[in-house]
Amino acid sequence: MSKTLIVVDVQVDFCPGGRLAVAGGDEIVAPINAMMDDYDHVILTQDWHPQNHSSFAVNHPGGEPFTLVNMDYGPQVLWPEHCVIGSPGAEFHSDLRLDRAECVIRKGFRPAIDSYSAFFENDYKTPTGLAGYLRERELNDLYFVGLAFDFCVSWSSVDAVRQGFRVHVIESATRAIDLNESRDAARRHMRGMGVELL
Ligand code: VGL
Ligand code: ZN
């Protein structure tokens, strides 16, 4: 069976010095570049928010980053502004190999809905199109790496299982934000849902 590597959000703003920096985020770039040659297909995802995005604390009166608010679709963490469309922080890390990328999935571009998962926005309803893309190409065996382990990697991998794919996460090529022990919670949830953690 062919193997597909899905590289989640390895972007400037998620690396040290960025606006929503994940500790050690830049350490995974070289390992991910090296592993690309072991895969038949490589897909990248890119967090891609308009300036008025509803996940940004600054767009909520009195909103503080890293606190929860209720959206129409449920609880949502408020974040510092990050990965703003067209800004340098939204670019891929400058060392990330782009030559093997067959597809780049952008997510979170609707002002009213955040999107952690590469498959569905946070309303659990609005698809990104990735499931259809993978099915049509018969890419069924998925390996996830990237940032952040406990948000976009976790949500993407769990949705991938729900969509019927074989799913693995290479944990050494991820880094976590770890908000209120969200790393351990994500690990338990992923395992419980049938994600293989490598
Ligand atoms: C992410 C928080 C907000 C991620 C994206 O890539 O994990 N986390 N937007
Ligand atoms: Zn985001």
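A: Six strands make up an open sheet, arranged in the order 5-2-1-6-7-8 with parallel pairing, where strands (E, at least two residues) and helices (H or I, at least four) are DSSP runs numbered from the N terminus, and two strands count as paired if DSSP finds at least two bridges between them. The edges are taken by strand 5 (101-107) and strand 8 (196-197), each of which has a single partner strand, so one side of each is left without a neighbour in the sheet. This is a predicted model, in which local features need pLDDT of at least 70 and side-chain atom pairs count only at pLDDT 80 or more, while totals for chains, interfaces and linings use all residues. Residues are numbered from 1 along each chain as its sequence is written, and chains are lettered from A and ligands numbered from 1 in the order in which they are written.

Within the sheet, strand 6 (residues 141-147) runs parallel to strand 7 (residues 166-175), and six bridges join them; Tyr 143 stands opposite His 168 of strand 7. Helix 3 (residues 149-162) lies across strand 1 (4-8), strand 6 and strand 7, at about 170 degrees to strand 7, with axes fitted as lines to C-alpha atoms, for helices over the stretch in contact, and angles running from 0 to 180 degrees between N-to-C directions.

Between strand 6 and helix 3 there is a loop that holds Ala 148, and the peptide bond leading from Leu 147 to Ala 148 is cis, with omega near -15 degrees. Leu 147 and Ala 148 are also among the residues around ligand 1, together with Asp 9, Phe 14, Asp 47, Trp 79, Tyr 116, Phe 151 and Cys 152; a residue belongs here if its C-beta atom, placed from the backbone, lies within 6 Å of the molecule. By class, this shell has seven nonpolar residues, two charged and no polar ones, counting Ala, Val, Leu, Ile, Met, Phe, Trp, Tyr, Cys and Pro as nonpolar, Asp, Glu, Lys and Arg as charged, and the others, Gly among them, as polar.

Helix 3 also meets helix 4 (residues 182-193), their axes coming within 10 Å and crossing at roughly 10 degrees.

Finally, Tyr 124, in the loop between strand 5 and helix 2 (130-136), has phi near 65 degrees, a positive value in a residue other than glycine.

Notes: Contact = placed C-beta atoms within 7 Å.
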